[in-house]
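Dear colleague,

I am handing over the structure that you will be looking at from now on. Please look through it below, and then read on for what was found in it.

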Amino acid sequence: MKRLLAVLIDHRLLKNFSRCFYRGLPQSKYVPPGHWPIANSMDGSTNGSSATPTRNKQRTARNLHQNGQYSVHRRWETVASGGGGNSRNGSSATAGPRDRFEFTLMNYNILAQDLLDSHAALYGEHDPEGLPWDLRCKRLLAEINTIKPDILCVQELQETHAESFCSGLPQHYAMLYKKRTGNDKTDGCALFYRRDLFELVTHHKVEFYQPKVNKLNRENVAIIAKLALKANPRAKLVISTTHLLYNPRRQDVRLAQVQVLLAELDRLAFSGTMPNGIPRYEPVILCGDFNLQPFTAPYELLTKGFLRYDRLDSRSLQPANSWHGHVEQVGKYFLPPALGITDKCQHTTLRDREKVHRDKVPPSHLTKLYHSNHEKEDGEPGGNGSPSKERSSSRSEFSSGALTHQFVFSSAYRHYGPDIAQDRRQATTFQDEWITVDYLFYTPYRSVAECTRQLPNWNLELLQTYSLPTVQQCGREIGYIPNRQYGSDHFSLAGRFLLTVPREDQ
């Protein structure tokens, strides 16, 4: 027995020594990608003293931090041409000689201190020195300021910490903030953008809570901002960040929240219709903590643009035949028609938007959604819109049994099912096990009709992603987070994108 204990002790000492040794190895020097501001080039030329080439196919992976603590698990990785992890269409396209702009976007659930303190039992086995806000905040800001994103999306930013957190960022950031709507909620979402690079065209702070709607009775929120590049105002981006409901048993609530968010994105990102009547949109980046795993029903709707819901379990949204015994199915109706959001994830009150609101974003009070900034009328959930001017809606618009949308979303990160080995599956947080719940979606094309090689309109291309640790690395090497290296219980996401400005005739 003594010999066995001696062997075990020697093994643990050797294991700890090897970890410290490899983490202590010097890392190669590099230029952090965030040090490059947005580059504007036309026909291969660049303007500005600090502009960079728009695409370097030989760009190699670069470590984020010069110390070994992060570089083993987090580094910039180049994406193959036609990038994207999971998408509806995998084809690639090249743009002609048009203006191009390169920028970096980062997403981070930073863990509100109030939530950590109120759920202290969840962090009982963590390093206590890794939990206080002042120490966590320093680590969070160090990581953010190293990446230097041009756009930063944050979830779980505590309202009382918003100003101090913003002051820890470079002074050129502007902030949009939306606290969760419940009176007892103290955190929310924030969107930061560089004022020297972007002009805020318009924005909306989405409230998912809708009175008397069971699937929308939670206080989660989202932010949508339409930005224009100051160097070329024709180049616009729509950025959205959200934090959906956590409750693992209520996938139906998360799907309802996604449907509302898609309708609001449709309102703010719409840029006209093609000759065949198909809508066209500004480039969209949607990111945040969705509290759902890959290949679940809301994920399928986002990435495939279609979800048949009528035969799914009413709450878990899993196929009914995968459960034993009687299962209550969703049925044909998902959201009530009174909300004015069709199964195509569009507002019924905005059918004539191209005529009535040409080149403008229709104001939010024209929808039927309730918002704390609007007054309710006639007892309707939203009390907005003009029923007398609105064309009558067909019941089939709300009872088709399937949801669709017109965006072409790709995921910046590749996702795998649970049957894939742990050394390949990546994770963003720990919820009983290491899983992915944070996402960075983007639209490479302006229209679903422009996703083929015959109609190349590749206007938003993913160049690089900030790699995530694998499930195996999380369990064996990183351990519980937050800790002395990682400031949150989620890992950050980041991507470098190339935006192609639309032609004058588009």
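A residue is called buried at under 20% relative accessible area, exposed at over 50%, and partly exposed in between, with a 1.4 Å probe and protein chains only. Please keep in mind that this is a predicted model, in which local features need pLDDT of at least 70 and side-chain atom pairs count only at pLDDT 80 or more, while totals for chains, interfaces and linings use all residues. Residues are numbered from 1 along each chain as its sequence is written, and side-chain values use heavy atoms, with hydrogens and water left out.

After helix 4 comes lysine 148, which has a positive phi, near 55°.

As for cysteines, the structure holds 0 disulfides (pairs of cysteine sulfur atoms within 2.5 Å). Cysteine 166 is buried, at 16% relative accessible area, and cysteine 474 also counts as buried, at 0%.

Turning to the aromatic rings, rings of Phe, Tyr and Trp (its six-membered ring) pair if their centres lie within 6.5 Å, and planes under 30 degrees apart count as stacked, over 60 as edge-to-face and the rest as tilted. There are 20 aromatic pairs in the structure. In one of them, tyrosine 299 and tyrosine 439 have ring centres 5.7 Å apart and planes at 50°, so the pair is tilted. Because tyrosine 299 belongs to helix 7 (residues 297-304) and tyrosine 439 to strand 20 (residues 438-442), this pair ties together parts that are 140 residues apart in sequence. Tyrosine 439 and phenylalanine 441 are stacked, because their ring centres are 5.4 Å apart and their planes lie at 10°. Tyrosine 299 is buried, with a relative accessibility of 1%, as is tyrosine 439 at 1%, while phenylalanine 441 is buried at 0%. Ring pairs also link a cluster whose members include Phe270, Tyr281, Phe290, Tyr299, Tyr439 and Phe441.

With kind regards

Technical notes. Helices (H or I, at least four residues) and strands (E, at least two) are DSSP runs, numbered from the N terminus.
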